[in-house]
Amino acid sequence: IPFLFFFFIQDYDIDYGNQNILTLNAEFSHLKPAEVLIALPKNPNQFGDYTIPSDAEVILYENGNFFEQLTFKSSTDTSYGIYVSSKNLLSSNSYTIEASYGNLPTISANQKIPALPVVSNINLGKEFSEMNNYDTLPVNIFVVPNDSSSKYLSVYSYLDVDTKVMDEEGNYEIQNFQYRLDAIDDGSGFRDFKRFWTKILPASNEFNFNLSVYSLDSLQSENILSAQIVFVISAISEDGYLYRKSYMNRYIDNYGEPSIVYSNIKNGLGICSAKSTLIQRFKIK
């Protein structure tokens, strides 16, 4: 399950002291089915994992109209599972999720999936042939403004390499390897818990950051058939940005003041966010 249980308790008329409320975690994505995690309140002195029911009622609405009642899907470990839709969600549409279980208060949240980001150009600040084995690569991503809801962006970068590898019998086969490239903190963004470089798109619509690149010597091997830098670019909702930002603040000082993690679940705990993602490839060999 990709979601983490650290939440801000909002000011609703509910007995939070006894945790007598449901928890909901979801990140709606363009062209993907809804995946929603529902957890029951913890019992007194219960620590660790939450209890996830398989018989909650979870209903999704699209632009104010009934969309689907989600079904429970067990994981390989039967103590876990999520509620999923059979239909894909779409960017620029608004979705409301409602969940109920027994006599507990019904919880809900609403998210509009941001418009898909439109990239006009990607510039690399250095030629790979001129880079050292351990170096910094400036990246400029130019985004076409298309929707005010798409001003929060996050980018994940990695090297995608196809190489010839000899097997035990001396025959060559093609294998694919992927190497994560981490962004370097330039003061204008942050690396979230999924290692996406995240920040607010400036008025210039130019998304800049630096990548830490290493082991470039390995790309000179004659066995390397091709190499690309892959950019996974997501437009995220404001709620998604605020949650990621507040969650990362927890790690600034583990011995400092307690930090509040953003939540937007009415009558409950958790986070509901949304994103639209595209992939751009930049060939370097």
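Select Arg191 and Asp182 to begin: they form a salt bridge, with their closest N and O atoms 3.9 Å apart, the term standing for a side-chain nitrogen of Lys or Arg within 4 Å of a carboxyl oxygen of Asp or Glu. Arg191 is partly exposed at a relative accessible area of 29%, whereas Asp182 counts as buried at 17%; buried means under 20% relative accessible area, exposed over 50%, and partly exposed in between, with a 1.4 Å probe and protein chains only. This is a predicted model, in which local features need pLDDT of at least 70 and side-chain atom pairs count only at pLDDT 80 or more, while totals for chains, interfaces and linings use all residues. Residues are numbered from 1 along each chain as its sequence is written, and side-chain values use heavy atoms, with hydrogens and water left out.

Asp182 lies in the loop between β12 (172-181) and β13 (183-184), and Arg195 in the loop between β14 (190-191) and β15 (197-200), so the pair ties together parts 13 residues apart in sequence; strands here are DSSP runs (E, at least two residues), numbered from the N terminus. Arg195 is partly exposed, at 34%.

Finally, move to Asp135 and Lys126, whose side chains meet in a salt bridge at 2.8 Å, N to O. Asp135 is buried, with a relative accessible area of 14%, and Lys126 is partly exposed, at 32%. In total, the structure holds 8 salt bridges.

Key
Helices (H or I, at least four residues) and strands (E, at least two) are DSSP runs, numbered from the N terminus.
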